[in-house]
Amino acid sequence: MSPSTPGPAGAPARGLVSDTPLDDLPLREDLRGHAPYGAPQLEVAVRLNTNENSHDVPAEVVEAVVAAIAEQVPHLNRYPDREADALRDALAAFLRAQPASHGVPLTRGNVWAANGSNEVLQQLLQAFGGPGRTAVGFTPSYSMHPIITQTSGTAWVDGKRGDGFSLDPFDVAQQVGAVGEHGADVVFLTSPNNPTGTALPLDVVEAAYEATSGIVIVDEAYAEFARPLGAGGTPSAITLLPGRPRLVVTRTMSKAFAFAGTRVGYLAADPAVVDALRLVRLPYHLSSLTQAAATAALAHADALLATVEDTKAQRDRLVAAMPTLGLVALPSDANFVLVGGFEDAPATWKALLAHGVLVRDVGIPGHLRITAGTAAETDAVLAALAAVVVEEERAAHPEDQQDDDEEQA
């Protein structure tokens, strides 16, 4: 290892330099060979690859958040509220008011919050997973589920979906119940599912719950974008919580709330689950500033969620436009669309990037995932897709291009 050396004038000094490969470190054996999670973070004109909310935080919410943070700054010498009581009260009130929750009487005791829903999931695996235990998820789904599972020392079983990425209650129950003597220790279900955008019928959740004595987690990160109940929408799994102490529903403020930079995720569950997470959470895991910002934002939930309908309209525009491009889009209840029909999805991804549009290659052959953004971003991605489709057709049939050139001549 060479020592740190100063850089050119005005430049920061070089850090410690090493050519030691990761495998030479005493890394846990079950982590060897794995890659870290990471969607590309590139500076492009249209960034539609991480399902963020493309709309900025409204001015009235900015003012409220800044004021709430300012109140906390003089007291940063003190640790934050370890229980995040005010934030959990606000989250419970928000959930109670949602039509898809059917007024389930949630209180602070039913709600837990952490730094993004990923930390919530991590705490659940720390409490209910671990060595000698097994989690089941149904791919394709959120790629962090197996990553968080494996980093907690929990074994992962890759469940299978049916045609059109569907899940059947009987099939799910069989797969969940086949793990161990009493079923999987942890079950991951997602509604709407990432990356397909499809919502999950509640009978699938019920079937999974009955098939195991373990914890069943329903990840509802995109729940606010689901279709209304009267228009083919699905009720939240929160409606199943009464009488099911092993059921957990996770949510986030990163998507519909346009609050991804704040990192706030939460869950609704039986109070016993919340007590279990207290055993594994780090002390004071949510900063005073995070709690203040999120609580202030929830007081203006209507303003923050005002962009949801616009996002859903752009999502539906994407779905409707795909057949005109010779592509197929799955109906979506999320803020993104899974598009199929590409001959070479990685090549199309690169071609779109060359047009200044960043989407997500989720590793499903022939498919790309596109986040629903603003109207201008939808215009841009559709124009880029149209251009790329034409370019790919010309490359596949150069003789047609020659004929066109001769006719023009």
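Colleague: Is Arg 47 buried, partly exposed or exposed?

Modeller: Buried means under 20% relative accessible area, exposed means over 50%, and partly exposed is in between (1.4 Å probe, protein chains only). Arg 47 has 37% relative accessibility and is therefore partly exposed. The model is predicted: local features need pLDDT of at least 70 and side-chain atom pairs pLDDT 80 or more, while totals for chains, interfaces and linings use all residues. Residues are numbered from 1 along each chain as its sequence is written, and side-chain values use heavy atoms, leaving out hydrogens and water.

Colleague: Which side chain meets Arg 47 in a salt bridge?

Modeller: A salt bridge needs a side-chain nitrogen of Lys or Arg within 4 Å of a carboxyl oxygen of Asp or Glu. Arg 47 pairs with Glu 52, at 3.9 Å from N to O. Glu 52 is partly exposed too, at 33%.

Colleague: How many salt bridges does the structure hold?

Modeller: There are 19. One of them joins Asp 158 to Lys 160, with the closest N and O atoms 3.7 Å apart; Asp 158 is partly exposed at 35%. Another joins Arg 227 to Asp 333, with 3.1 Å between the closest N and O atoms. This second pair links distant parts of the chain, 106 residues apart. Arg 227 sits in the loop between strands E6 (215-219) and E7 (247-252), and Asp 333 in the loop between strands E9 (328-329) and E10 (336-340). Arg 227 is partly exposed at 37%, whereas Asp 333 is buried at 3%.

Colleague: Which residues are linked in a network of salt bridges?

Modeller: Glu 83, Asp 85, Arg 88, Asp 89, Arg 108, Asp 275, Arg 278 and Arg 281.

Colleague: Where does His 285 lie, and what does His 285 touch?

Modeller: Helices (H or I, at least four residues) and strands (E, at least two) are DSSP runs, numbered from the N terminus. His 285 is in the loop between helix H7 (271-278) and H8, and is buried, with 12% relative accessible area. Contact means heavy atoms within 4.5 Å. Leaving aside residues up to four places away in sequence, His 285 touches Arg 82, Trp 112, Ala 113, Ala 114, Asn 115, Glu 119 and Gln 123.

Colleague: At what angle do H2 and H8 pack?

Modeller: Axes are lines fitted to C-alpha atoms, for helices over the stretch in contact, and angles run from 0 to 180 degrees between N-to-C directions. Under 35 degrees counts as roughly parallel, over 145 as roughly antiparallel, 65 to 115 as roughly perpendicular, and the rest as oblique. H2 (residues 85-96) and H8 (residues 288-298) pack at about 30°, with axes 9 Å apart, and are therefore roughly parallel. H2 contributes Ala 86, Leu 87, Ala 90, Leu 91 and Phe 94 to the contact, and H8 contributes Gln 291, Ala 294, Thr 295 and Leu 298.

Colleague: Which residues of H6 are buried, and what covers them?

Modeller: In H6 (residues 202-210), the buried residues are Leu 202, Val 204, Val 205, Ala 207, Ala 208 and Tyr 209. Their cover includes helix H5 (169-177), strand E5 (186-190), E6 and E7. The axes of H5 and H6 come within 8 Å and cross at roughly 25°, which makes H5 roughly parallel to H6. Pro 169, Val 172, Ala 173 and Val 176 of H5 meet Asp 203, Val 204, Ala 207 and Ala 208 of H6.
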